[in-house]
Every structure is written in structure tokens, then in C-alpha cells.
Amino acid sequence: VKQGANGVGTVIVNEHNRLYIAAYATKENLIAKDMACFDINKVIDALLDNISVTLPDNFIKQYLVTTNEQYTAENIDEQYENIRKSIVYQLLEGQIIADCKIEVKHDDVVKYINDYVRMSYFGTTDLSEEQEAHVTRFASEMIKSKENYMNAYDNLIYEKMTEGLKEKLNPKVKDVNYKEFMDEVSGEKKVKATKNTKTTKTAKK
């Protein structure tokens, strides 16, 4: 921002700044998505520990072997547990979305990305007309990327899922910084990896 003689600031933007903003906002989108996903996954893990989900396992295995080259009659049983878990996760996520009446429209995504650009670059939503013009241009460029669009869409879905679950479950909220969050996620992954290793060894016996 260049200060003019009349005391009014003029925004100077070059290609380097534009790319930096896009990269920073994308990174922040991914962090927000990771945190929201972690919250939802914790809830779904708890649900999986307390409910039983029945799937047509043999039909799904046969379908995958028939339609997907990476699966064969020889390896489908070995890989199916992870496939089954993924299917159950998707079913539970879909049920949460339905129960909480969650909907994300294109205008919601546009607003989300615009707000991210505002806060990432200007640090405020109270902007001048010229600054808003820059926000609109940057956001328009970001939205052209399918990855950026889907990250923003998923973030909104997970945010709404989290809020919906908070209303229904009234959980205890723990405030942590990003490092503490990453440490907790790493701890979860290690526990899951240990459980999977034990399960595999038991199955081999």
C-alpha cells in the first residue's frame, strides 16, 4: 500500500503478490479443512465404535474386481477393510449432512473465498472500493482452480457439519494452537497404525 500526498492509500499489486496471496489462501484453506476434518473424523470414529453397519460385502468386492483394474480376486480381500471403512465413513457423513440439513451453494463458496482473500491480504473486511476490486479479481482467479473451489466447498461442508454436531451433541471444546493440533493428529495416526498392525498380525495367525 503506497501512501499518497492526500493521505489516501493506493494499493499496488504485482504478479508476485497475486501468486503469494493465492498460495497463502490455498494453504490456509487446507489447514482449515484439516482441522474441520479432524473434528468430524473424531465423531465418526466414536460412532463406529458404538454402532454396527451392515454392507453387502461380497457384492461390493465382486463389483470392484469387475469394474476397477487395481482390484483382483487375489488382492481384494487384503484391501477390502480400508475400502469398507471408507464406504462407512461416506455413509455416516452423508447421514450427518442430511440430519443437520446442510447445504452449500455456489454463492457460499464465492463468499468464502472472497473473505479468505480479504483476511489473508488486508487482515480486515472493512475495505475501500479499490481494495474490494482487488479482492474480487484475486478471488475470481482462485475460483478458476478446481482444487481451490473444492477445498473451499469441503471446508464449508465440514464447518457446517461441525456446527450441526455441536448443537446436537454439546461437546467439550478444547482450545489448542496449530502445533498442538498437529501433535494430536500425529498421535491419532500412530494409534491407528498400531491398531491396524495388531489386526493384521492377528489375521495372519
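Student: Is Leu47 buried, partly exposed or exposed?
Tutor: Happy to start there, and keep in mind that this model is predicted. Leu47 has a relative accessibility of 32%. Buried would need under 20% and exposed over 50%, so with its 32% Leu47 counts as partly exposed.

Student: Which helix holds Leu47, and how far is its C-alpha from that of Tyr89?
Tutor: Leu47 belongs to helix 1, which covers residues 15-50. Along the chain, Leu47 and Tyr89 are 42 residues apart.

Student: Let's turn to the rings. How many aromatic pairs does the structure hold, and how do Phe59 and Tyr63 pair?
Tutor: There are two aromatic pairs in the structure. In the pair of Phe59 and Tyr63, the ring centres are 6.4 Å apart and the planes make 25 degrees. Planes under 30 degrees apart count as stacked, so this pair is stacked.

Student: Why are Phe59 and Tyr63 separated by about one helical turn?
Tutor: An α-helix has 3.6 residues a turn, so residues three or four places apart point the same way. Both Phe59 and Tyr63 sit in helix 2, residues 57-67. Their spacing there accounts for the one turn: they are four residues apart.

Student: What are the relative accessibilities of Phe59 and Tyr63?
Tutor: Phe59 counts as exposed, because its value is 54%. Tyr63 counts as partly exposed, with a value of 48%.

Student: How is the pair of Tyr112 and Tyr116 arranged?
Tutor: Tyr112 and Tyr116 are four residues apart in helix 4, which means about one helical turn lies between them. Their ring centres are 4.9 Å apart, with 50 degrees between the planes. Stacked needs under 30 degrees and edge-to-face over 60, so Tyr112 and Tyr116 form a pair that is tilted.

Student: Is Tyr112 buried or exposed?
Tutor: Helix 4 has several buried residues, including Val109, Ile113, Val117 and Phe122. With a relative accessibility of 9%, Tyr112 falls under the 20% cut-off. Tyr112 therefore counts as buried.

Student: How many residues does helix 4 have, and what is its reach from first C-alpha to last?
Tutor: Helix 4 has 17 residues. At 1.5 Å a residue, the expected reach is 24 Å. The model comes close to that, with a reach of 24 Å.

Student: What backbone feature does Lys101 have?
Tutor: Lys101 is found in the loop between helix 3 (76-99) and helix 4 (106-122). Its relative accessibility is 72%, so Lys101 counts as exposed. Although Lys101 is not a glycine, it has a positive phi of about 55 degrees.

Student: Which residue takes a positive phi just after helix 4?
Tutor: Look just past the end of helix 4, where phi is about 75 degrees. The residue there is Gly123.

Student: Which ring does Lys61 lie over?
Tutor: Lys61 is 5.1 Å from a ring centre. It lies over the face of that ring, which belongs to Tyr80.

Student: At what angle do helix 2 and helix 3 pack?
Tutor: The axes of helix 2 and helix 3 are 11 Å apart, and their packing angle is about 110 degrees. That makes helix 2 roughly perpendicular to helix 3. Their crossing is right-handed, at an angle of about 110 degrees.

Student: Which word describes the orientation of helix 4 to helix 5?
Tutor: Helix 5 covers residues 129-143 and packs on helix 4 at about 120 degrees, with the axes 9 Å apart. Roughly perpendicular covers 65 to 115 degrees and roughly antiparallel needs over 145, so helix 4 is, relative to helix 5, oblique.

How values were computed: Residues are numbered from 1 along each chain as its sequence is written. This is a predicted model: local features need pLDDT of at least 70, side-chain atom pairs count only at pLDDT 80 or more; totals for chains, interfaces and linings use all residues. Side-chain values use heavy atoms; hydrogens and water are left out. Helices (H or I, at least four residues) and strands (E, at least two) are DSSP runs, numbered from the N terminus. Buried means under 20% relative accessible area, exposed over 50%, partly exposed in between (1.4 Å probe, protein chains only). The expected span of a helix is 1.5 Å times one less than its number of residues. Rings of Phe, Tyr and Trp (its six-membered ring) pair if their centres lie within 6.5 Å; planes under 30 degrees apart count as stacked, over 60 as edge-to-face and the rest as tilted. A charge sits over a ring if NZ of Lys or CZ of Arg is within 6 Å of the ring centre and within 35 degrees of the ring normal. Axes are lines fitted to C-alpha atoms, for helices over the stretch in contact, and angles run from 0 to 180 degrees between N-to-C directions. Angles under 35 degrees count as roughly parallel, over 145 as roughly antiparallel, 65 to 115 as roughly perpendicular and the rest as oblique. A crossing is left-handed if the near helix is turned anticlockwise from the far one by less than a right angle, and right-handed if clockwise.
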